[in-house]
Amino acid sequence: MAATEAPQQSILRPLVEDLHERRERARLGGGPEKIERQHSLDKLTARERLDLLLDEGTFTELGIHAGPHFSQRSMDGVEAPADGVITGYGKVDGRLVAVCAYDFTVMAGAMGMTGEIKVSRLRDLALQKRIPFIWLLDSAGARIQEAAGSLFAGSGHLFREEVVMSGVIPQIAALMGPCAAGTAYIPGLADFVPMVKGRGSMALAGPHLTKAVTGEDVTQEELGGSRVHCRVSGVGDLEVKSDEECIQRIKEYLSFFPQNCEQTPPVTPSADPAERMDDELLDVLPETARKPYDMYDVIRRIVDDGFYFDMKPQFAKTIITCFARMGGRPVGIVANQPKHLGGILENDSADKAARFINLCDAFGIPLLFLQDVPGFMVGTKVEQEGIIRHGAKMLYAVSRATVPKVTVIVRKAYGAGYYVMCGKAYEPDLIVAWPTAEISVMGPEGAVNIIFRKQIEQAEDPDAKRAELVQGIREIIDPYIAAKNGMIDDIIDPRETRPVVIKALEMAASKRVERPWKKHGVMPV
């Protein structure tokens with residue numbers, strides 16, 4: 001009997017061991033010291049962020065073995081695990097997403113050639129498979145060692161591709177660290193931009209370049225922090241306190257959206273009865289139309305479980321834009337906010353509303369308009385700043401929107417404010433009013449001052465005459481006149497708002513609107 005032969009050494013075993021060692025080194029990013037530095041700034045690492053975002057065990061990484069591109073001679077001998085960006089796909093609450101997370105522990109997350117080849121590959125995948133794309137941004141911007149020089153002429157595909165994806169798949173750009181230089185256009189073109197307070201920032205130039213060019217000495221936070229962009233510029237959508245809250249908000253945002261524009265928004269079963277009527281709605285409005293109130297008190301009483309998801313809550317506060325569910329259906333709410341300047345519309349609030357309407361329309365999310373609008377701001381200042389141009393954006397957006405639209409007139413509905421808040425001419429599938437509704441080209445006081453100016457001036461008692469005339473005009477600003485003439489569909493008990501809106505959304509769910517063929521309209525900018 002022949003002696004037992006020793007088993008041959010497989011060629012694969014050492015190679016597989018080497019493979020796993022390479023993976024482990026790549027997963028360490030910039031190494032323990034850089035990771036500790038990241039944690040000392042109260043920031044999670046890129047991989048920790050992915051672990052929080054994605055369902056356990058669902059992430060498939062692409063390009064883990066990446067490093068600086070061989071053509072970049074300036075990077076010879078430089079280690080950059082995964083080339084500073086982690087890319088792949090996984091699931092959020094059971095639904096596929098594509099995600100890239102820039103790793104600040106590797107060359108400050110600077111964008112290199114190989115890394116952008118990875119991200120470009122991922123964008124192609126997301127667009128072809130029609131799944132949402134998420135950027136977790138923590139990057140110093142372009143890797144100057146690679147970008148300097150005339151080869152820069154071949155760059156820029158990222159932003160064009162982002163525009164191509166716009167309205168096809170949801171795009172989220174989370175600012176969890178810096179986002180400098182041209183890469184700031186990533187959030188500028190994205191649909192949803194949450195920013196971590198004190199850490200997330202974006203600017204076309206960092207503090208050093210800004211000082212060199214303008215002489216201005218500013219910090220990164222002063223230049224482009226969350227306070228600037230969530231409260232002043234409006235580029236950011238939501239200011240959050242931590243990486244953990246940022247990830248949670250991304251999940252909540254996605255829950256309202258379909259995977260792509262060809263699917264319908266996800267309906268979530270609700271234990272909140274569709275027929276529920278809240279008696280406290282009868283006490284929301286003050287005794288006079290001249291006093292403010294908080295429109296959020298209306299919103300939380302009519303939506304499922306009182307939950308809503310605010311978009312740009314600290315920017316342009318005269319108007320509210322938020323997501324909620326009604327009868328389990330996602331809905332985008334556009335509501336005037338009388339608590340701030342009486343709910344008047346100005347440049348920023350028109351821009352905020354127009355963008356939100358466009359976003360909802362792109363992804364088939366129905367719109368609910370809650371009107372209490374005294375009109376648009378007037379005066380030389382706003383005219384010089386382009387109030388007509390900004391107001392036209394909102395007018396254009398509500399006219400173009402073909403999703404189900406429901407309008408509830410709570411109190412004031414004056415002038416062009418009534419139009420842009422989806423008045424009768426703008427094809428609401430249902431338009432109803434509370435008994436407190438005031439629909440008119442302007443308020444009674446303004447109308448009297450224009451129409452009867454001479455009579456008031458000539459009166460023995462101008463104040464008494466004005467009061468008499470105001471009362472006469474007020475009597476014809478009556479919602480029952482509009483209802484009698486078929487200009488609104490009904491006048492409802494405020495407590496009926498929730499069931500009426502839910503029934504209307506159900507009725508309009510199969511809505512189809514045909515428009516004349518065109519390449520595209522010319523939207524005011």
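I worked from a predicted model, in which local features need pLDDT of at least 70, side-chain atom pairs count only at pLDDT 80 or more, and totals for chains, interfaces and linings use all residues. Residues are numbered from 1 along each chain as its sequence is written, and side-chain values use heavy atoms, with hydrogens and water left out.

**Ala482**

I found Ala482 in helix H20, residues 479-484 (helices are DSSP runs of H or I, at least four residues, numbered from the N terminus). Ala482 counts as buried because its relative accessibility is 12% (buried means under 20% relative accessible area, with a 1.4 Å probe and protein chains only). I listed its contacts (heavy atoms within 4.5 Å): leaving out residues up to four places away in sequence, Ala482 touches Ile439, Met487 and Ile488. From Ala482 to Phe309 I noted 173 residues in sequence and 33 Å in space, C-alpha to C-alpha.

**Cores**

I looked up the largest nonpolar core, which has 55 residues (a core is a set of buried Ala, Val, Leu, Ile, Met, Phe, Trp, Tyr and Cys residues joined through side-chain atoms within 4.5 Å). Helix H13, residues 347-362, gives the largest share of this core, seven residues. Leu136, Ile250 and Phe323 have the most contacts inside the core. Beyond four places in sequence, the contacts of Phe323 include Tyr253, Phe309, Phe356 and Ile365. Another core lies apart from the largest one and has 30 residues, among them Val284 and Tyr293.

**Helix H1**

I placed Leu15 in helix H1, residues 12-27.

How values were computed. Helix = DSSP H or I, 4+ residues; strand = E, 2+ residues; numbered from the N terminus. Buried < 20%, exposed > 50% of the residue type's maximum accessible area, 1.4 Å probe, protein only.
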